[in-house]
Amino acid sequence: MQPEVLSGLIGFGGALVGGAASFGGVWLTLSHQRKLAREARLAEIGQEAADRALNELITLGEFLESVRGEVATMRTDESAEYLDTVFGHMERIQRAVARIPDRELRTHVRDLLTVMRKYRAAGVRHFFAVSWLSELTDELTELLSAYIRSDPLPSLSERTESKQQRAIQHELAQRRRFELMQDPDPANIDPREENADDGPAS
């Protein structure tokens, strides 16, 4: 093979290798940029959703402050108009938080909203239910505020953990009452169950 041809082939091979390396570098750069852009977009969506949910929580907290005295004597097994507004805010909070990419935050919010819906576990009067809802609203506000600040998510307070346990106990007691309605044998009735939900939530 002529030296000129050999030299040309070597040069051509080098050009191919260099072109492939250059193409690979461009592809990696573009892939990294797309990843960064996607992460930035998700962060933006999360911030917007958290802001919306936080505004709902602030409005809900203010509303609950305004209804404290109006429902004190009503029993929680009675329908109260204020709950329509409360549940409306809760639905909008849940929809907003569903857009947040942080799974841990979504789980915490979902769990707290579930406990809020168990407001009857607070006691037999709506006075206790409003306090229950207000305290959980404050807990959610702290949680979302930490997310917006990019702080570590706070652990649940002891007060909220106590509410979770009380909600579970209330649900079990309700199930027990339903079972007793199906089988009203006096021998199966524990008189302590009748007054299990009379007090306020801790």
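Modeller: Of the 202 residues of the chain, 29% count as buried, meaning under 20% relative accessible area, with exposed over 50% and partly exposed in between (1.4 Å probe, protein chains only).
Biologist: What kind of model is this, and what gets counted?
Modeller: This is a predicted model: local features need pLDDT of at least 70, side-chain atom pairs count only at pLDDT 80 or more, and totals for chains, interfaces and linings use all residues. Residues are numbered from 1 along each chain as its sequence is written, and side-chain values use heavy atoms, with hydrogens and water left out.
Biologist: What is the mean pLDDT of the chain?
Modeller: The mean is 81, and 73% of residues reach 70 or more. pLDDT is the predictor's confidence in each residue, from 0 to 100.
Biologist: Where is the pLDDT below 50?
Modeller: Over residues 192–197. Beyond near neighbours in sequence, that stretch has 12 contacts in the model; contact means heavy atoms within 4.5 Å. Where pLDDT is low, the predicted coordinates should not be read in detail.
Biologist: How many helices and strands?
Modeller: Five helices and zero strands. These are DSSP runs numbered from the N terminus: helices are H or I, at least four residues, and strands are E, at least two.
Biologist: Which helix has the highest confidence, and which the lowest?
Modeller: Helix α2 (residues 82–97) is highest, at a mean of 96. Helix α1 (residues 3–67) is lowest, at 73.
Biologist: At what angle do α2 and α4 pack?
Modeller: About 20°, with the axes 13 Å apart; α4 covers residues 126–148. Axes are lines fitted to C-alpha atoms, for helices over the stretch in contact, and angles run from 0 to 180 degrees between N-to-C directions. That makes α2 roughly parallel to α4, the term for angles under 35 degrees.
Biologist: Which residues make that contact?
Modeller: From α2, Tyr82, Leu83, Val86 and Val97. From α4, His126, Ala129, Val130, Leu133 and Leu144.
Biologist: New topic. Is Val67 buried or exposed?
Modeller: Val67 is buried, with a relative accessible area of 4%. Its place is in helix α1.
Biologist: What does Val67 touch?
Modeller: Tyr82 and Val130, not counting residues up to four places away in sequence.
Biologist: How far apart are Val67 and His126?
Modeller: In sequence, 59 residues; in space, 10.0 Å, C-alpha to C-alpha.

Conventions. Angles under 35 degrees count as roughly parallel, over 145 as roughly antiparallel, 65 to 115 as roughly perpendicular and the rest as oblique.
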